[in-house]
Amino acid sequence: MSWYYTAKPTIFPAENFNPSADAAALRKAMKGFGTDEQAIIDILCKRSNWQRQVISEAFTKELGRDLIKDLKSELGGKFEDVILGLMLPPVNYLCKQLHKAMAGMGTNERALIEILCSQNNEQMHHISRVYEEMYDRPLAEHVCTETSGDFRRLLTLIITGTRDAPGSVDPDLAVQQAKQLYEAGEGKWGTDESVFSKILAHSSFDQLEYVFEEYK
């Protein structure tokens, strides 16, 4: 009855993987007049993320060119966005989307929730470290400047890694927590957001699964 996101890959490593051949084929697809977009799709969309990183390294080492720069110069629109997204390691892609959600006027709070609230502590620490490497700014500090109130408090708790370890479950406590959530929300006038933040940001996903089941 898992309600939270778990990764289910739809692209698997290609068999008989040859990064040199793939790099050469990509160069051919972008060389000269026009671009063979189908060839790019056939290669990059049928390789695992790790294999795409190896292809990029081979492209630079053997052809003396930057694959990302070549793709940017040859592609455009949504197709470019998808291909460049595929070329990023997963954690870098998440960091890029977090930065995009907070760039310019307004904040894409839905994107912040979708990314930050689905990570365990280990994943969150990794994202925070890579985010600061990419943008020379702590993720928690950036989020604090773009959010406010109880929403900011909740995200800050999540980013700082206060969630219990995966597998931490206490069914009896789940009954109490479900009651606390009800009494802090539906069971009273107004809402005590601090109770929601404490339970939602600190409990493991496995514990929350029990809590939500009890809440029903």
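**View 1. Helices α4 and α5 pair up in this predicted model.** Here α4 (residues 67-74) and α5 (residues 77-87) have axes that come within 10 Å and cross at roughly 170°. The helices are DSSP runs (H or I, at least four residues; strands are E, at least two), numbered from the N terminus. Axes are lines fitted to C-alpha atoms, for helices over the stretch in contact, with angles running from 0 to 180 degrees between N-to-C directions. That crossing makes α4 roughly antiparallel to α5 (over 145 degrees; under 35 is roughly parallel, 65 to 115 roughly perpendicular and the rest oblique). On the α4 side, the contact (heavy atoms within 4.5 Å) uses L67, I68, L71 and K72, while α5 brings E80, I83, L84 and M87. Sorted by class, that's six nonpolar, no polar and two charged residues. For the classes, Ala, Val, Leu, Ile, Met, Phe, Trp, Tyr, Cys and Pro are nonpolar, Asp, Glu, Lys and Arg are charged, and the others, Gly among them, are polar.

A quick word on the model: it is predicted, so local features need pLDDT of at least 70 and side-chain atom pairs count only at pLDDT 80 or more, while totals for chains, interfaces and linings use all residues. Residues are numbered from 1 along each chain as its sequence is written, and side-chain values use heavy atoms, with hydrogens and water left out.

**View 2. The largest nonpolar core has 20 residues.** A nonpolar core is a set of buried Ala, Val, Leu, Ile, Met, Phe, Trp, Tyr and Cys residues joined through side-chain atoms within 4.5 Å. Buried means under 20% relative accessible area, exposed over 50%, and partly exposed in between (1.4 Å probe, protein chains only). L98, L112, L116, M124, I127, L139 and V143 have the most contacts inside this core. Two or more residues come from each of α6 (90-102), α7 (109-116), α8 (121-135), α9 (139-146) and α10 (149-159). The most come from α6, with five residues. Zoom in on L139 and you'll find it touching L98, M102, L116, M124, I127, S128, Y131 and I159, not counting residues up to four places away in sequence. Apart from this core lies another, of 18 residues, and A23, L67, L84 and M87 are among them. In soluble globular proteins, nonpolar side chains tend to be buried together.

**View 3. D70 is a buried residue of helix α4.** Its relative accessibility is 8%, so D70 counts as buried. Leaving aside neighbours within four places in sequence, D70 is in contact with R27, M30, F59 and R65.

**View 4. S203 sits in the loop between α12 (193-202) and α13 (205-215).** With 3% relative accessibility, S203 counts as buried. Its side chain makes a polar contact with the side chain of Q177, at 3.3 Å. A polar contact is a pair of N or O atoms within 3.5 Å; within protein, one must be able to donate a hydrogen and the other to accept it, and residues adjacent in sequence count only if both atoms are side-chain atoms. Setting aside neighbours within four places in sequence, S203 is in contact with R163, D164, Q177, K198 and L208.

View 5. Q207 is buried, with a relative accessible area of 3%.

**View 6. N16 and D136 have positive phi values without being glycines.** Most residues other than glycine have a negative phi. For N16, phi is about 55°; for D136, phi is near 55°. N16 lies in the segment before α1 (19-30), and D136 is in the loop between α8 and α9. N16 counts as exposed at 78% relative accessibility, and D136 is exposed too, with a relative accessible area of 71%.

**View 7. V54 lies in helix α3 (residues 49-63).** V54 counts as buried at 18% relative accessibility. Not counting residues up to four places away in sequence, V54 touches F17 and P19.
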